[in-house]
Amino acid sequence: MKRQFDEELKTLQEKLLQMASLAQDSIATAIKSLEERNEEYANKVLEQEKEINLLDIKIDELCMKLFALRQPMAVDLRLITASLRISSDLERIGDQSVNIIDRTLELLKVPVLKPLIDIPRMASLAENMVKDSITAFVNRDDVLARNVCERDDEVDKLNDQIFRELLTYMMDDHTSIKRAVDLILIGRHLERIADHATNISENVIYFVLGKTIKHHCEKFNYEHED
Amino acid sequence: MELKAKMESKHLNFYYGNKMALKDISIVAPANKVTALIGPSGCGKSTFIRTLNRMNDIIAGTKVEGEILLDGVNINSPKMDVVELRTQVGMVFQKPNPFPKSIFDNIAYGLRIAGMKDRKKIAEIVEKSLKKAALWDEVKDRLHENAFALSGGQQQRLCIGRSLAVDPEVMLFDEPCSAIDPIATAKIEDLIQKMRENYTVVIVTHNMQQAARVSDYTAFLMLGELIEYGETTKIFTNPKNKLTEDYITGRFG
């Protein structure tokens, strides 16, 4: 049976997708700005962040409305709950892109410290994690969501590597400190983006299977009430 | 799920003439918990709850197979005293059905037919029962008015008080709020939640939100079969059966 409620849930999912595509694009744009040393992209990232924020508010309102008016149950309840959380994560991703742009604008004022290798790699990993987490949401694919969670370690490792490498630059030459710190921070922001993608995937698993896996609760044998 | 059963049906079949209304139903109503029965119209939930105090006995041509246990004793055994059973297992119906008597006499009625003569004792129990039914404060100054002067919600609480007066162990509610307004419904629901301290409660409801709000365990029935039974929080957040999910999310029913 087709319900009017299904239309509303569809609208919710569409808004979330719109937000996800903006968030994804904002990461790419921010990193492009860094790679191409072009500050003209900065405005686009800021605009995208504003749009993302607005969608976050709209999604909040829509979810509250659906809770209040529809008293959702079971899979509907999990969909709305997951959407609320996913939208917070996407909003934070938008913020991290802005952070990256802020660091980039600083870096563009000074000569290049070193060729960028790991940061673009990390960015593409993080961006793909965001993309796949949303694909998993759309397709209700818990296997893909799990896969995204597993990829988080790779990003963490790259982040550590970037940190160690830039540390050697800073030790060699104190005039490199400001630039190295900015790059380290960008690594840190990308690492956070991957964490948000992981959160999104955890929520996809909650939505699809009704199973909680966040905070590595499976490892310490959190009794999921089955 | 380790549960101490207060009432329990085991492989219960029930027939209206040749028509099988309940098929192999095994449900546990755990002690001091609220168990809700939900399901589309005609699924057998009212038939089921009525088997728990043998209300179906009065319908001609009905037949019961399987067991219904109250504290481990089969209530359908020939030795069971039905009147005694119904004092132990009280029932409240869809529409409030007070006797055409005063508020006081409605509550006192069961005590008097049970042979209680001590007026002071009766008055004490009436007060206690009305307090348990959360009605005392509203009626204490008008105990001798006719019960029909009360609002629908008050009448329903009076009926709850009337059942409680004879000190039952199990309380059955068959759609107790279907004929009353939302405020009165909230009062009855609140009452049911408090009742679990002293009683075992089984409730039939069409209103799924009500089942979700008041019960600890929920059984979903369809066409006379038990589809799913489990903790209410589980049933309403993550049901195991697709049929349950479709029903509680309003995709059919």
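Contact here means heavy atoms within 4.5 Å. I need that for my first look-up, and I keep in mind throughout that this is a predicted model.

**Entry 1: Asp246(B)**

I started towards the end of chain B. Asp246(B) sits in helix α10, which covers residues 242-248 of chain B. What does Asp246(B) touch once its neighbours within four places in sequence are left aside? I found Arg251(B) and Phe252(B). Then I checked the surface: is Asp246(B) buried or exposed? Its relative accessible area is 16%, so Asp246(B) goes down as buried.

**Entry 2: Pro100(B)**

Next I went to a loop. Pro100(B) is in the one between β6 (89-92) and α3 (103-113) of chain B. I noted 64% relative accessibility, so Pro100(B) counts as exposed. Which residues is Pro100(B) in contact with, leaving aside those within four places in sequence? They are Asn146(B) and Phe148(B). I liked the second one: Pro100(B) and Phe148(B) are 48 residues apart in sequence, yet their C-alpha atoms are 7.0 Å apart in space.

**Entry 3: chain B as a whole**

I zoomed out. How many helices and strands does chain B have? I wrote down 10 helices and 10 strands. The C-alpha trace of chain B spans about 55 × 40 × 35 Å along its principal axes. I also looked up the radius of gyration. A compact globule of 253 residues would have one near 18 Å, and chain B has 18 Å, so the two agree. Buried residues make up 52% of the 253 residues in chain B. For contacts in chain B with a separation of 6 or more, 67% come from residues 24 or more positions apart. The pair Pro100(B) and Phe148(B), 48 residues apart, comes back to mind here.

**Entry 4: helix α1 of chain A and its partners**

Now chain A. Two packed helices are described by the angle between their axes and the distance between the axes. I used both for α1(A), which runs over residues 4-36.

Partner α2(A): the axes of α1(A) and α2(A) are 9 Å apart, and the packing angle is about 160°. That angle makes α1(A) roughly antiparallel to α2(A), since over 145 degrees is the cut-off for that label. I noted the crossing of α1(A) and α2(A) as left-handed. The residues in this contact of α1(A) with α2(A) are 15 nonpolar, 6 polar and 8 charged.

Partner α4(A): here the axes of α1(A) and α4(A) come within 10 Å and cross at roughly 175°. So α1(A) and α4(A) are roughly antiparallel to each other too. From α1(A), the contact includes Leu16(A), Leu17(A), Ala20(A) and Ile27(A), and from α4(A) it includes Ile119(A), Pro120(A), Val130(A) and Phe137(A). By class, I have 14 nonpolar, 2 polar and 3 charged residues for the contact of α1(A) with α4(A).

Partner α6(A): the axes of α1(A) and α6(A), residues 177-209, come within 13 Å and cross at roughly 165°. These two helices, α1(A) and α6(A), are therefore roughly antiparallel to each other. Their crossing is left-handed. Which residues of α1(A) and α6(A) meet? Ile27(A), Ile31(A) and Leu34(A) of α1(A) meet Ile186(A), Leu190(A) and Ile193(A) of α6(A). The contact of α1(A) with α6(A) has 6 nonpolar residues, no polar ones and no charged ones.

**Entry 5: Gln96(A)**

I looked up a glutamine in helix α3 of chain A, namely Gln96(A). Is Gln96(A) buried or exposed? With a relative accessible area of 4%, Gln96(A) is buried. Not counting residues up to four places away in sequence, Gln96(A) touches His189(A), Arg192(A), Ile193(A) and His196(A). Ile193(A) was already in my notes, from the meeting of α1(A) with α6(A).

Most residues other than glycine have a negative phi. So I wrote down two that go the other way.

- Gln71(A) has a positive phi of about 40° although it is not a glycine. Gln71(A) lies in the loop between α2 (42-70) and α3 (74-107) of chain A. Its relative accessibility is 39%, so Gln71(A) counts as partly exposed.
- Arg140(A) has a phi near 50°, a positive value in a residue other than glycine. I found Arg140(A) in the loop between α4 (118-139) and α5 (142-172) of chain A. At 41% relative accessibility, Arg140(A) counts as partly exposed.

Note on methods
Residues numbered from 1 in each chain as written. Chains lettered and ligands numbered in written order. Predicted model: local features only at pLDDT ≥ 70, side-chain atom pairs only at ≥ 80, totals over all residues. Heavy atoms only, no water. Axes fitted to C-alpha atoms, helices over the stretch in contact; angles between N-to-C directions. Helix = DSSP H or I, 4+ residues; strand = E, 2+ residues; numbered from the N terminus. Parallel < 35°, antiparallel > 145°, perpendicular 65-115°, else oblique. Left-handed = near helix turned anticlockwise from the far one by under 90°. Nonpolar A, V, L, I, M, F, W, Y, C, P; charged D, E, K, R; others polar. Rg over C-alpha atoms; globule rule 2.2 N^0.38 Å. Buried < 20%, exposed > 50% of the residue type's maximum accessible area, 1.4 Å probe, protein only.
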